[in-house]
Amino acid sequence: MRFPILFIVFFLTSTFVFAQADDMLAKDYFKNGDYEKALHEYKNLYKKSPSSITYINQIVSAYQQLEQYKEAEIFLLKLIERVKYPAFMVELGYNYQLQNDIENATIYYNKALASIDDRPSNVFSVVKSFQSHTLLNEAIVSYEKAMLLKPDYNFNLQLAQLYGEQGNIEKMFTSYIDFAEKTPSLLRNIKLKINNFISEDATSENNILFRKIVLKKNQQEPNLLWNDLLSWLFIQQKDFKKAFIQEKAIFNRQPESLSNIEDLADIASSENDNETAKEIYTFIIEKAQDQDTLLHAHYKLLQLETEEVVKENYNDIKAKYLALFDEFGTFSQTLNLQISYAHFLAFYMNETVNATSFLEKTLELPLTELEKAAVKLELGDILVLQEKFNQALIYYTQIQRNLKNSTISQEARYKVAKASYYKGDFKWAESQLKILKASTSQLIANDALELKLLITDNKYEDSLQTALKLYAKADLLAFQNRNEEAINILDKILVEHKTEPIIAQALYKQGQLFESKKQFEKAATNYESIIENYRDGILIDDALYKLAELYTNHLEQPEKAKALYEQIIFNHADSIYFVDARKRFRALRGDAIN
């Protein structure tokens with residue numbers, strides 16, 4: 001018995017392999033345009049598998065490629081007589097269309113559409129056949145007919161895609177929105193699809209159209225989904241105040257969670273809409289029920305207020321921190337607030353002793369190693385602020401030893417390198433930066449590479465490294481919030497070291513400091529100088545992007561900004577600014593699609 005069984009298995013396997021080989025041969029002939037041979041092979045395959053839709057379609061396609069339309073017609077008519085498969089009517093109709101016989105084509109297209117009336121499930125095969133021949137109108141009619149006959153069907157997603165291909169944006173938006181209404185769990189996917197057709201420009205035709213459709217839906221039948229979509233649209237347009245109105249409407253009806261409002265506040269803050277961010281954080285503080293949410297909002301609000309505070313109001317910020325500690329206490333849950341408070345004392349109020357003492361008490365709390373590392377990182381920074389570099393290195397080194405290979409350990413190593421650089425020990429700084437080039441944190445790796453290049457490019461120009469030491473001093477002064485002094489030292493470099501490569505770096509750093517002081521015209525002059533005189537340097541794309549941003553956000557010269565973004569797109573495709581530059585260029589040009 002064993003031999004016959006093995007023989008049968010071998011026979012079946014061999015038959016399958018040969019069939020696969022024949023199929024591949026037919027495909028190759030068709031792909032290479034040898035339609036006569038392809039037709040011959042597919043006919044043989046069809047004889048063995050007369051129910052294969054693939055072989056049937058390939059035979060019809062081969063006939064049509066050979067312009068043997070009559071043979072294709074005879075083949076399809078016999079099939080239709082034998083098998084009631086409505087997609088074959090579409091194929092026959094298309095065969096007539098290829099001969100410009102529109103009358104007969106329409107007859108068979110209508111027969112295929114009529115089959116959906118008899119059986120709505122026919123829509124799947126009919127639409128597939130219509131779409132394979134780019135008969136979009138007929139595919140749309142098929143879907144609409146099936147949905148009318150069987151309301152359980154939801155083809156709005158497919159319809160939206162077809163309308164998009166036709167360029168019918170209004171119907172596309174409506175179909176996407178209808179699909180989201182019936183399938184809210186897929187709302188995120190729908191937003192991603194719609195996002196391809198709107199821009200940051202609130203006045204663009206597509207943005208206005210989408211907003212009108214959603215507002216009309218909301219008027220007809222209020223639904224939180226419409227508020228969600230409007231909020232999302234306003235976020236894309238960077239109109240965070242309007243987005244907040246929608247999010248508040250959602251929260252007032254479903255006050256279970258503030259997470260979306262928290263996200264909105266963080267986005268507004270990251271986009272420098274500080275006024276709206278502060279308004280949202282204040283709202284969160286008023287509404288939050290859990291302590292973590294409340295503390296996060298207080299922390300973020302204080303960060304924003306500190307960014308804008310003038311020296312005369314430092315005591316007000318300090319009082320707010322102390323009031324929060326009175327209310328919530330000083331324990332692990334308020335750790336971020338404690339670190340932030342110590343930073344404010346040291347870097348703004350110059351109370352370094354009080355800041356250090358405060359953080360040393362924080363270290364006595366029952367903290368995790370990661371939490372202790374965060375405190376020590378700030379302690380190290382405060383010591384660098386005081387130019388007590390060796391003491392700072394002790395804290396940074398402890399973090400590296402206790403949390404090896406972690407992100408915060410790599411950050412501590414970077415700060416070791418930066419402290420060494422500040423005090424003029426460029427060799428040791430460089431050795432640490434080499435290690436960090438492979439950091440798992442891309443941000444740290446980029447910062448390390450940037451600082452290493454600065455040192456490497458400038459340490460050999462002068463045996464005394466005078467210009468590099470001056471630059472490091474300016475960098476330290478900027479770290480210490482002594483921006484005016486930093487600007488003056490950079491001026492000295494620009495005057496006394498005109499022929500050295502560090503000039504481009506000095507111009508760029510000074511430009512950043514001018515920006516921090518809101519001296520935008522001066523910053524623009526620096527960036528323009530880099531673009532004009534150091535076009536082949538590593539800072540060219542940075543200068544182009546910075547200047548474009550100034551023209552866009554502060555100097556109100558959008559045409560100049562557009563030209564700069566365009567330079568990045570065409571000349572600096574490997575730049576980290578490439579994606580943003582392309583997006584902003586298209587927005588300024590008025591494109592409807594991102």
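The model is predicted: local features need pLDDT of at least 70, side-chain atom pairs count only at pLDDT 80 or more, and totals for chains, interfaces and linings use all residues. Residues are numbered from 1 along each chain as its sequence is written, and side-chain values use heavy atoms, with hydrogens and water left out. Helices are DSSP runs (H or I, at least four residues), numbered from the N terminus.

**Helices α17 and α18**

- The axes of α17 (residues 291-308) and α18 (residues 314-328) come within 11 Å and cross at roughly 170°. Axes are lines fitted to C-alpha atoms, for helices over the stretch in contact, and angles run from 0 to 180 degrees between N-to-C directions.
- That crossing makes α17 roughly antiparallel to α18 (angles over 145 degrees count as such).
- On the α17 side, the contact (heavy atoms within 4.5 Å) is made by Gln-291, Leu-294, Leu-295, His-298, Leu-302, Gln-303, Glu-305 and Thr-306. From α18 come Ile-317, Lys-320, Tyr-321, Leu-324 and Phe-328.
- These residues divide into seven nonpolar, four polar and two charged. Ala, Val, Leu, Ile, Met, Phe, Trp, Tyr, Cys and Pro count as nonpolar, Asp, Glu, Lys and Arg as charged, and the others, Gly among them, as polar.

**Helix α22**

- Helix α22 (residues 389-402) has 14 residues and reaches 20 Å from first C-alpha to last, close to the 20 Å expected at 1.5 Å a residue. The expected span is 1.5 Å times one less than the number of residues.
- Its buried residues (under 20% relative accessible area, 1.4 Å probe, protein chains only) are Phe-389, Ala-392, Leu-393, Tyr-395, Tyr-396, Ile-399 and Gln-400.
- They cover an arc of only 165° around the axis, which puts them on the same side of α22. The arc is that of the directions from the helix axis to the C-beta atoms.
- The face turned away carries Asn-390 and Arg-401, both exposed (over 50%).
- Cover for the buried residues of α22 includes α20 (352-362), α21 (369-385), α23 (407-422) and α26 (466-479).

**Leu-476**

- Leu-476 lies in helix α26. Its relative accessible area is 2%, so Leu-476 is buried.
- Beyond neighbours within four places in sequence, Leu-476 contacts Val-384, Glu-387, Phe-389 and Tyr-422.

**Helix α30**

- The end C-alpha atoms of α30 (residues 540-553) are 20 Å apart, which agrees with the 20 Å that its 14 residues should span.
- Helix α30 is mostly covered, with 11 of its 14 residues buried. Among them are Asp-541, Asp-542 and Glu-549.
- Their cover includes α28 (502-516), α29 (520-533), α31 (558-571) and α32 (578-589).

Methods
Helix = DSSP H or I, 4+ residues; strand = E, 2+ residues; numbered from the N terminus. Parallel < 35°, antiparallel > 145°, perpendicular 65-115°, else oblique.
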